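Me: I would like to go through some of the labels used for this structure and ask what each one rests on. Please set the value against the cut-off each time.

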Amino acid sequence: MKRSIPLAIVMVGGILFIIQYFIPHQHSQTLFDYYTEWAPIVGAFALVLGVGSLSRLHSHKIKRKAKNWQYSYAVLIPLFAVPFFALLMPESLGGGLMESMGGTRTTQGVFDFAYLNVQIPIQSTMFSLLAFYIASAAFRAFRAKSALATVLLLAAIIVMLGQVPIGELIGKWFPKIGLWILRYPNLGAKRAIGLGVGFGILATQLKIIFGVERNWLGGAGE
Amino acid sequence: MLRKVPAMLLALLLATGLAWAQAEDPPPAEPAETGETAETAEEAVLMEEGVEAEIISESDASIINATIGDGMIAPGGIVVSDWPNDAGDALLVTFEPGSETGNENHTGYAVYRRTQGEEELTLVGTMEIDDGTEFIDGYDPDYIVESGVQYEYQVAAVYLSGAEIASDPIAAQEVAGGQIFHTGKVRVLVGCALFLGLILFYFHAAQRGIEMYLRPIAGIEAIDEAIGRATEMGKPILYVPGLSTISDVATIASLTILGRVAKKVAEYGTPLLVPNRDPIVYTIAEETVKQAYMEAGRPDAFDKDSVFFLTQSQFAFVAGVNGIMMREKPATNFYLGMFWAESLILAETGSLSGAIQIAGTDAVTQLPFFITTCDYTLIGEELYAASAYLGREPKQLGSIKGQDACKGIIMAVITLGILLSLTDIIAGTDTLGWLRNLIAMPIVD
C-alpha cells in the first residue's frame with residue numbers, strides 16, 4: 001500500500017496531464033490551475049520539516065560540542081528570533097519603502113534594517129566573488145595545452161574581443177567573426193545538448209509515470 | 001463714403017454677433033435623407049457634406065455612426081468568429097478598413113463590445129493602423145470574453161483629430177467556446193506517440209533479454225573510483241543535489257543517482273554529507289539515503305544529520321556549502337542536478353579544497369564552468385542516463401536505447417533537411433521545397 005498508492009497517483013496524474021496538454025478546453029485549464037495552486041501549499045508545509053532539520057543538526061552540534069559548535073548559535077538564534085518577534089511585534093517587520101527611497105514609511109523596522117544592511121551586502125559579496133572565480137577558471141580553461149585547447153583559446157579571444165569596442169578598433173572583422181562563432185557553431189552545440197536534454201527529460205518522466213523509476217519514492221521505492 | 005463707414009461697421013458688428021449667436025446655439029440643420037436632425041456643429045458640418053450621421057455615445061471625440069466624405073469611411077464587414085484552440089475565452093473580430101488607402105488622418109481602430117441586450121458599449125481594444133484589420137478579443141484580462149455569451153461588436157475608425165467613425169453594432173456570428181483538441185499540436189502528438197512507442201519497444205526488448213550496448217561515460221565510471229578514494233582517505237563525500245525544486249526533472253535524476261551513491265557509501269562505511277536548498281528535496285533525499293543504507297544492510301550506520309536542509313537563499317546556500325568544503329575537506333564532491341550562477345563558486349571552492357569533483361547538469365550555461373573546474377562532467381542527457389548506467393536494470397537500459405533511437409530519427413531528418421537545402425541552392429530550384437517546409441514547420445502552431 002505504501003508503495004502502490006503513490007505509484008497509482010503518479011501514473012493517473014501523469015497520464016492525465018499528458019492528455020491535458022492537448023485539450024485547450026476551459027475544464028482542462030481549470031484542472032491544471034487547480035493543480036498548480038496546490039503545489040505551493042505542499043511546499044509551505046515542507047518548509048517546517050526543513051527548519052526542523054536545521055534545528056536538529058545544530059542542536060546536535062551544540063550538544064556534542066562538535067568543532068566550531070559556537071557558530072551554531074548564530075544559526076539557531078536568528079532562526080527562532082525572527083518568527084518570535086514577528087508574532088509579538090509585527091510592526092518590527094516593517095514593510096514598504098522608506099521616505100528616502102521614494103516610499104512613505106518614516107521608521108525602519110528591525111528586520112528591514114537587518115535585511116538591507118546585513119543580508120543584501122553579504123549576498124552581493126558572495127555574488128561578486130563570481131567575477132574572480134570566472135577569471136581563475138578562464139585562466140585554467142584557456143591554457144593551450146593541446147590542439148583543441150588552442151582552438152578554444154583562439155575562439156575565446158575572438159568572441160571576447162568581438163564584444164568590446166577595442167576589438168572593432170583592432171579589426172572590423174572581430175565582431176563579425178565573434179558573432180558568427182556564437183550564432184553557428186556555439187548555437188548548434190547548445191541546441192544539440194538541448195535536444196538530448198529534452199529526450200532525457202521525456203524518458204525520465206515516462207519512467208516515473210510507468211513506475212520504472214521509483215527512487216523518488218524514497219524509502220517506499222523498493 | 002465716410003457716411004457709409006458707420007453703417008458698414010454696424011453691419012459688421014451685427015454679422016459678427018449673429019455668427020457668435022449661431023455658434024452658441026446652432027440652428028437646426030436641414031433634415032438629412034433619413035429625416036433626422038443634427039445635434040452638434042460637427043455633425044451639422046458632416047451633414048452639409050451630404051452624409052448620414054447619428055451620435056451614439058458621449059465622448060471627447062463624438063462617435064458618429066455614418067459614412068463620411070473625404071475618405072472617412074466607417075469600418076464594415078465585421079465578422080466575429082471563435083478563436084480556435086483556446087479555452088473558450090477569445091473571439092476573432094475581422095473587419096474591412098475604415099478609410100480610403102493612404103488617408104494620413106486615419107490612425108487606427110477602436111473595438112467596442114457589449115453583451116447582447118445591454119445598452120452601453122465598452123471599449124475593449126485599440127489598434128494602430130499598421131496592426132491590420134484583425135482583433136483578438138479576450139487577451140486583455142480587464143475585458144475577458146466568457147464562453148457561450150452572445151456579444152455585439154462595433155468597430156470605429158479613429159482619426160488624427162480624435163474623431164471616431166463607427167460602424168453599426170452587429171451581433172457576433174459565433175460565440176466563444178472551448179475546444180476538445182488543440183489542432184495545432186498534432187505534430188507534438190505524433191512525435192510523442194513515436195517516442196513513447198520506441199521507449200516501450202526497447203523496454204520490452206530489454207525484458208526479453210536482448211543485449212544492449214551502451215557507450216561508456218567517463219563521469220559515470222568515475223563515481224565508484226571517487227567513492228573509493230574518499231573511503232581510502234577516510235574523508236566524507238559531499239553530494240549537492242542541485243538548487244532546484246523537486247518539480248525539476250534534473251533534481252529527480254540527481255536523487256536517483258544519490259540512491260546509488262549512498263548504497264555504495266553505506267557498503268564502504270564512508271561519511272556522506274547532503275546539504276539541501278529545497279525542503280521537499282531534503283525530505284526525499286533523506287528517505288533515499290536511509291533506504292540505501294537499509295538496502296546495503298547497514299541501517300544502523302545511517303546518520304540523520306548527514307542529510308540536512310541549509311537555507312532557501314541561493315547565495316547563503318553557497319556560503320554554507322563552501323564552508324562545509326573548507327572545514328570538513330571532503331575527498332569527493334558531487335554536484336548533480338540543476339545549478340545557476342552558484343555553480344562556479346561551488347566547483348572552484350571544491351577544486352581549491354583538493355577534492356575530486358564530479359558534476360552533472362542540464363543547464364547549458366553552467367556546463368562550461370563545471371567542465372573547467374571539475375574532474376568529470378555529465379553533460380545534459382548523461383545526467384538522466386547515469387541512473388540507468390549505475391543500476392543496469394533492463395528497463396532502464398531500454399529507455400536509453402529508446403532515446404538514442406529518437407535522436408537517430410532527428411539526426412536523419414536534420415541531415416535530410418540540409419541535403420535538400422543544399423540541392424536547391426546548387427540547382428537554384430525549389431522542387432523539394434514542400435518536403436523542406438514540412439521538416440521546418442513549427443512544432444506547435
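Me: Why does Ser244(B) count as buried?

Reply: The relative accessibility of Ser244(B) is 9%. Buried means under 20% relative accessible area, exposed over 50% and partly exposed in between, with a 1.4 Å probe and protein chains only, so Ser244(B) counts as buried. This is a predicted model, in which local features need pLDDT of at least 70 and side-chain atom pairs count only at pLDDT 80 or more, while totals for chains, interfaces and linings use all residues. Residues are numbered from 1 along each chain as its sequence is written, chains are lettered from A and ligands numbered from 1 in the order in which they are written, and side-chain values use heavy atoms, with hydrogens and water left out.

Me: What makes the pair Ser244(B) and Asp248(B) a polar contact?

Reply: Their side chains are joined at 3.0 Å. A polar contact is a pair of N or O atoms within 3.5 Å; within protein, one must be able to donate a hydrogen and the other to accept it, and residues adjacent in sequence count only if both atoms are side-chain atoms. The value of 3.0 Å therefore meets the distance cut-off.

Me: Which residues are in contact with Ser244(B), leaving aside its neighbours within four places in sequence?

Reply: They are Thr251(B), Asp278(B), Val281(B), Met338(B) and Trp340(B), where contact means heavy atoms within 4.5 Å.

Me: What makes the salt bridge between Asp305(B) and Arg56(A) one by definition?

Reply: The N to O distance between their side chains is 3.6 Å. A salt bridge is a side-chain nitrogen of Lys or Arg within 4 Å of a carboxyl oxygen of Asp or Glu, so this pair qualifies. The count between chain B and chain A is 4 salt bridges.

Me: How many residues does each chain bring to the contact, and how much area do they bury?

Reply: Chain B gives 71 residues and chain A gives 54 residues. About 5,500 Å² is buried between the two chains, 70% of it on carbon and sulfur atoms; buried area is the accessible area (1.4 Å probe) that two parts lose on being put together, summed over both. In chain B, Phe195(B), Asp305(B) and Phe315(B) lose the most area to chain A, together 10% of what that side buries.

Me: Which residues touch the most other members of the largest nonpolar core?

Reply: Among them are Tyr239(B), Leu258(B) and Phe334(B), in a core of 49 residues. A nonpolar core is a set of buried Ala, Val, Leu, Ile, Met, Phe, Trp, Tyr and Cys residues joined through side-chain atoms within 4.5 Å.
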